[in-house]
Amino acid sequence: MIRIENLEKSYGKSFTLNVDRLEFGKGSVVTLMGPNGSGKTTLLKSILGLVIPEKGTITVNGENISGQCKYRNSICYMPQSSPYPPNLKVKEIISITKDIRKKQDNYDYELFELFGMPNILEKRSGALSQGTRQRLSASLAFMFGSDIIVLDEPTAGLDPYSSGVLKTKILKVKKEGKLILLTTHIVNEVSELSDRLVFMLDGRIKVDREAFRSVNENGKEFREMVSKLFKENGVAQNN
Amino acid sequence: MRKIIKYFFGDIIRSKWIIVYTVMLLVFSAGIIYFSRDEQKALLSLLNIVMYLIPLLSMIFGSVYYYNSREFIEMLLTQPVKRSSVFYGQYFSLALTQMFGFIAGIVLPLLVFNFGLNSIFLMTAGTFLIFIFTGFALLISILVNDKIKGIGILITVWLLFAVFYDGIVLFMFYYFADYPLEKATIIASTLNPVDITRTMMMLRLDISAMFGYTGASFKKYFGSKAGYYVSLFILHMWMIIPAMIARRKFNKKNF
């Protein structure tokens, strides 16, 4: 579904994202991990076309995305900080998003309703709390039933109940054959959700392997691996 | 792209900036027309407002709006829309709303007080300046991520074009007075959009007192009619080139 080859993107002298080859297939949850500033968000943003890489190709569903925009009909994105224009009401944000994307017959309102969005349609997005905005952007990311769903630290800032709801939804959507790409700092989430773990460091992919399925069986082993990775590279593990 | 213009338009109207802008212009123009009995003088004063104020307002309005709507832009860019449409959507909504404000605030009072054809010339000049400086505003805001720095640069650009330029040119020509400077003067006058707009207006209104140094030699070289068309052409260039560069930069920007 997504193929990345020889990707290169640098910010100043200090940081370069460098991905030789990376492929994501359908029906799976892929987690990107890594310390702050390791390039996870840059990688996601390059897939979305928000960041323009200097070198390399990214193809989505077989189409090279460079300079294209139509492919984004099959991607939904939940950004880290949910930056919505503060003057717009929730319902306007939703109607604009619907209006801009390809027309659909039915929308997936499950998360939208579970997160209580119908009650806040008339509120301005500037008046929402950080967590509520996160819930709004999560609802939007799942509303269009797109093939690829990109979530940048989806559970950061969500209360435990909402993050539980979101996780259940992620697993449900995965069974429908969609690709979910997410970044997180929470070790438990990886074992709960993902099929595959990509660990990044200084803009490079350090580990790319199957994730551990169950917390009980392999949780310990997995935690050790992650804390070893963090320690080896001189980054204190804070989760 | 029509949809995007619609969103930006709605957003700008809601921000109330444009209403303040219109009312301010209206107060200026009504005051000037009311207090100066002489039609010619009123027109000159208004022209000065247009030459100095409109570029400044266009740049500040354009760049403050861009910086404040970065979130909106980012939200749009994650959707299946072309980057160019987002850019043009913003550019045209900014310029058109200001144009409406300008027409309501300055051109309408002129028409009401029977200034006739002159008000149309003033409208043309104002519209050019609005489009040109909105382009500059977007170009600089796209290049400079820091809001304060960006606005600082904009104000410098405005000071340069609107205030210092004629002085610098005059000084240069005074200094090099022994050399034939006709062509250099023509070139100098084309290098400043405010100057060339003023020249265009003056060629139309035939008020030589307002020409400035560059404008005077411009008229001498081209004559009134050809000069008018040449200045029109140059104004188009000033309108198109900064906006095109801004669009290119926008297409390659990282968000």
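**Stop 1: B:Leu160**

Select B:Leu160, which sits in helix α7 (residues 147-175) of chain B. This is a predicted model, so read each position as a prediction. B:Leu160 and B:Asn192 are 32 residues apart in sequence. Draw a line from C-alpha to C-alpha: the distance is 9.1 Å.

**Stop 2: all of chain B**

Walk from the N terminus and the elements read α-α-α-α-α-α-α-α-α-α-α. The radius of gyration of chain B is 19 Å, close to the 18 Å that the globule rule gives for 255 residues, so chain B is as compact as a globular protein of that length. Turn the chain along its principal axes. The C-alpha trace spans about 60 × 45 × 30 Å.

Of the 255 residues in chain B, 43% count as buried. Look at the contacts with a separation of 6 or more: in chain B, 78% of them are between residues 24 or more positions apart.

Next, colour chain B by confidence. The mean pLDDT is 86, and 95% of the residues reach 70 or more. Where in chain B is confidence lowest, and where is it highest? Helix α10 (residues 212-222) of chain B is lowest, at a mean of 68. Helix α5 (residues 83-112) of chain B is highest, at 92.

**Stop 3: all of chain A**

Switch to chain A. Here you will find seven helices and ten strands. Chain A has a radius of gyration of 18 Å, close to the 18 Å that the globule rule gives for 239 residues, so this chain is as compact as a globular protein of that length. Along the principal axes of chain A, the C-alpha trace spans about 50 × 40 × 35 Å.

Of the 239 residues in chain A, 40% count as buried. Among contacts in chain A with a separation of 6 or more, 70% are between residues 24 or more positions apart.

**Stop 4**

Show strand β3 (residues 28-33) and strand β9 (residues 196-201) of chain A. They pair in the parallel sense over four bridges. Pick A:Thr31: its bridge partner in β9(A) is A:Leu197.

Now bring in strand β10 (residues 204-210) of chain A. In which sense do β9(A) and β10(A) pair? They pair in the antiparallel sense, over six bridges. Stay on A:Leu197 and look across to β10(A), where its bridge partner is A:Arg209.

**Stop 5: two positive phi values**

Follow β9(A) into β10(A). The two strands form a hairpin with two residues between them. Select A:Asp202, in the loop between β9 and β10 of chain A. Its phi is positive, about 50°, although A:Asp202 is not a glycine. Most residues other than glycine have a negative phi. A:Asp202 counts as partly exposed, because it has 16 C-beta neighbours inside 10 Å.

Jump to A:Asn61, in the loop between β4 (55-60) and β5 (63-64) of chain A. The phi of A:Asn61 is near 50°, again a positive value in a residue other than glycine. With 14 other C-beta atoms within 10 Å, A:Asn61 is partly exposed.

**Stop 6: the largest nonpolar core**

Select A:Ala141, A:Ile149, A:Val150 and A:Ile180. The largest nonpolar core has 120 residues, and these four touch the most other members. Which element gives this core its largest share? Helix α6 (residues 117-143) of chain B does, with 14 residues. In soluble globular proteins, nonpolar side chains tend to be buried together.

Centre the view on A:Val150. Set aside its neighbours within four places in sequence. A:Val150 is then in contact with A:Leu44, A:Ile47, A:Leu48, A:Ile75, A:Tyr77 and A:Leu181.

**Stop 7: where the chains meet**

Show both chains together. 18 residues of chain A are in contact with 18 residues of chain B. On the side of chain A that touches chain B, helix α2 (residues 90-100) of chain A gives the largest share, four residues. Colour that side by class: eleven residues are nonpolar, three are polar and four are charged. For the complex, the predictor gives an ipTM of 0.83 and a pTM of 0.87.

Conventions. Residues numbered from 1 in each chain as written. Chains lettered and ligands numbered in written order. Predicted model: local features only at pLDDT ≥ 70, side-chain atom pairs only at ≥ 80, totals over all residues. Rg over C-alpha atoms; globule rule 2.2 N^0.38 Å. Buried ≥ 20, exposed ≤ 12 C-beta atoms within 10 Å, placed from the backbone. Contact = placed C-beta atoms within 7 Å. Pairing = 2+ DSSP bridges. Nonpolar A, V, L, I, M, F, W, Y, C, P; charged D, E, K, R; others polar. Core = buried A, V, L, I, M, F, W, Y, C linked by C-beta atoms within 7 Å. pLDDT = per-residue confidence, 0-100.
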